[in-house]
Amino acid sequence: MSTTTAVKPMTEHSAEEIERVKNWINSEEYKEKNFAREALVINPAHACQPLGAQMVAHGFEGSLPFIHGSQGCASYFRSTFSRHFREPASATSDAMTEDGAVFGGQNNLFEGLENAYALYKPAIIPVFTTCMPEVIGDDLNAFITNAKNKGHIPADLPTPYANTPSFNGTHINGYDSMLKAMLEYLTEGKKNEAGANGTLNLIPGFDGNTGNLREYKKYLDAMAIPYTMLADISDVFDSVCDGTYRMYSGGTPLAAAADSINAQATVSLMKYSTLNTMKSVEANFIGVTKTLPLPMGIRRTDEFLIALSELFDKPIPAELKAERGRAVDAMTDAHQYIHGKKFAVAGDPDYLLGIVSFLLEMGAIPYHILCSRSNKKFKKEMEALLATSPLYGAQGTVYVNKDLWHMRSLCMTDPVDAIIGDTHAKWVARDAKIPLFRVGFPIMDRVNLHRSPVIGYQGAVNLLTMIVNKFLDTVDETCEDQWFEMMR
């Protein structure tokens with residue numbers, strides 16, 4: 001075959017045509033066409049179900065997440081966690097290929113489970129799925145039962161499973177399905193008819209910020225409330241570096257997870273990533289259940305601590321009140337730099353509600369609010385939150401089931417001062433020439449942000465400091481006044 005027939009020539013465009021199209025995609029005409037598309041998604045602000053399931057699976061002691069599906073999918077999940085946390089994400093897969101797609105993946109699962117247990121000796125193997133086994137209808141319950149009956153793994157090895165098709169829902173739905181499955185599996189037959197054990201179950205939800213989890217623990221320790229954090233990834237993905245590799249570092253102890261059914265109360269801090277889990281908890285657990293908003297900003301942190309105080313009849317200690325006072329002081333010191341600024345915000349439903357609440361407290365304007373996979377209930381809840389601030393919130397518009405290419409059109413035709421979101425929002429920020437404040441998951445192009453809490457009083461200070469100092473940096477680097485903020 002000759003070179004001329006083997007290589008298809010690339011269509012050439014003039015410099016004028018390229019410039020015309022570059023300008024056109026920033027126009028109102030293009031935005032109208034962009035928002036009319038239905039069959040194409042460009043740069044969505046979410047991941048798929050099995051990634052969320054894997055986060056839950058990592059959050060339990062001695063757990064080895066097991067992906068029933070292709071090796072490529074497993075590599076994507078592990079890579080995403082490793083790039084975000086800068087830590088290994090130990091998980092395995094039964095590496096289904098074309099023959100599995102035709103004949104089913106039972107033999108792959110048999111061999112995969114047997115090898116995983118023999119090599120790594122996990123205390124628990126949570127199993128979840130990708131697209132391929134879901135499309136062909138693999139029966140996980142039957143496959144795992146057969147694996148135990150045939151001796152591939154011990155009969156008493158805990159193997160909770162969840163169906164998490166990548167083509168439906170997002171990572172928060174996978175998180176919900178896997179957590180529900182693990183709690184139902186581990187607590188079966190463990191209910192204590194004598195009554196509650198006096199502890200709190202705290203469910204943080206899908207949160208890639210280990211600093212947030214440590215902040216929750218700080219509050220609970222300060223209030224002397226005994227607790228079990230369900231799906232605790234704080235030590236799994238923020239482990240020590242002392243020369244010793246620990247494959248199973250941290251995680252919720254399995255005994256504590258089994259006894260969680262007897263807790264005095266179960267509190268979830270992310271409604272949208274724990275909907276079905278909390279329904280199951282309410283139906284089966286002994287204690288009271290409560291779903292609270294993600295405690296970002298002053299008001300929502302107040303609500304969180306007051307709820308804990310009421311549930312366990314514990315006073316809010318002076319040290320937390322002092323921390324609140326320092327946060328309010330920091331916000332007062334810096335509010336003039338953020339007041340009236342317009343923000344675009346993209347991310348998960350619970351994070352969006354928290355970020356918008358914080359922005360409204362600061363007198364900022366959450367202007368474009370985009371959730372790339374949600375529903376009318378979320379939109380109504382967000383609009384109700386915006387309505388609490390007629391001056392600032394009333395200017396915001398909520399977009400559901402839209403992606404970051406839609407967000408680009410919004411920012412180019414109706415400009416804002418900054419955007420808040422994960423790493424994938426950087427292309428919008430670059431084109432619109434505005435700063436990106438990286439909050440959420442994943443953050444792959446900056447380091448250590450997952451260790452800096454954005455919840456609680458300290459989280460409010462951290463968010464405020466990050467945002468305001470970037471605005472000041474921009475002014476300082478571009479203004480002609482060499483005495484900026486030095487001479488009064």
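In this predicted model, 75% of the chain's contacts between residues at least 6 apart in sequence join residues at least 24 apart. Contact means heavy atoms within 4.5 Å. Residues are numbered from 1 along each chain as its sequence is written, and side-chain values use heavy atoms, with hydrogens and water left out. Because the model is predicted, local features need pLDDT of at least 70 and side-chain atom pairs count only at pLDDT 80 or more, while totals for chains, interfaces and linings use all residues.

The chain has 20 helices and 13 strands. These elements are DSSP runs, numbered from the N terminus: helices are H or I with at least four residues, and strands are E with at least two. The radius of gyration is 24 Å, close to the 23 Å that the globule rule gives for 488 residues, so the chain is as compact as a globular protein of that length. The radius is taken over C-alpha atoms, and the rule is 2.2 Å times the number of residues to the power 0.38. Along the principal axes, the C-alpha atoms fill a box of roughly 80 × 75 × 45 Å.

Of the 488 residues, 52% count as buried. Buried means under 20% relative accessible area, exposed means over 50%, and partly exposed lies in between (1.4 Å probe, protein chains only). The accessible surface of the chain comes to about 22200 Å². Carbon and sulfur atoms hold 52% of that surface. Accessible areas come from the Shrake-Rupley method with a 1.4 Å probe; for residues, only the protein chains shown count as cover.

The chain carries 45 positive and 57 negative side chains. The centres of the two sets lie 2 Å apart. Lys and Arg count as positive and Asp and Glu as negative, while His and the chain ends are not counted. Each charge is placed at NZ of Lys, CZ of Arg, CG of Asp or CD of Glu.

Four strands form an open sheet in the order β2-β1-β3-β4, with parallel pairing. Its edge strands are β2 (92-93) and β4 (161-162), each of which pairs on one side only. Two strands pair if DSSP finds at least two bridges between them. Strand β3 (residues 127-129) runs parallel to β4, and two bridges join them. Here V127 stands opposite Y161 in β4.

Another parallel pair is formed by β9 (residues 342-346) and β10, over five bridges. K342 has I365 in β10 as its bridge partner. Strand β10 (residues 365-371) is mostly covered, as seven of its seven residues are buried.

H406 is found in helix α18 (residues 404-413). Its relative accessible area is 3%, so H406 is buried. Residues up to four places away in sequence aside, H406 touches N34, F35, R37 and L370. I420 lies in strand β12 (residues 418-421). Its relative accessible area is also 3%, so I420 is buried. Leaving aside neighbours within four places in sequence, I420 is in contact with F343, A344, V345, A346, I355, L359, L436, F437, V439 and I467. By contrast, I420 and I286 are 134 residues apart along the chain, and their C-alpha atoms are separated by 40 Å.

Some backbone angles also deserve mention. Most residues other than glycine have a negative phi, and most peptide bonds are trans. The peptide bond from F441 to P442 is cis, with omega near 0 degrees. P442 sits in the loop between β13 (436-438) and α20 (456-478). A224, a residue other than glycine, has a positive phi near 55 degrees. It is placed in the loop between α11 (210-222) and β6 (227-229). A224 counts as partly exposed, at 47% relative accessibility. D313 is not a glycine either, yet its phi is positive, at about 50 degrees. D313 is found in the loop between α14 (297-312) and α15 (318-338). With a relative accessible area of 69%, D313 is exposed. D313 and E193 are 120 residues apart in sequence, and 23 Å separates their C-alpha atoms.
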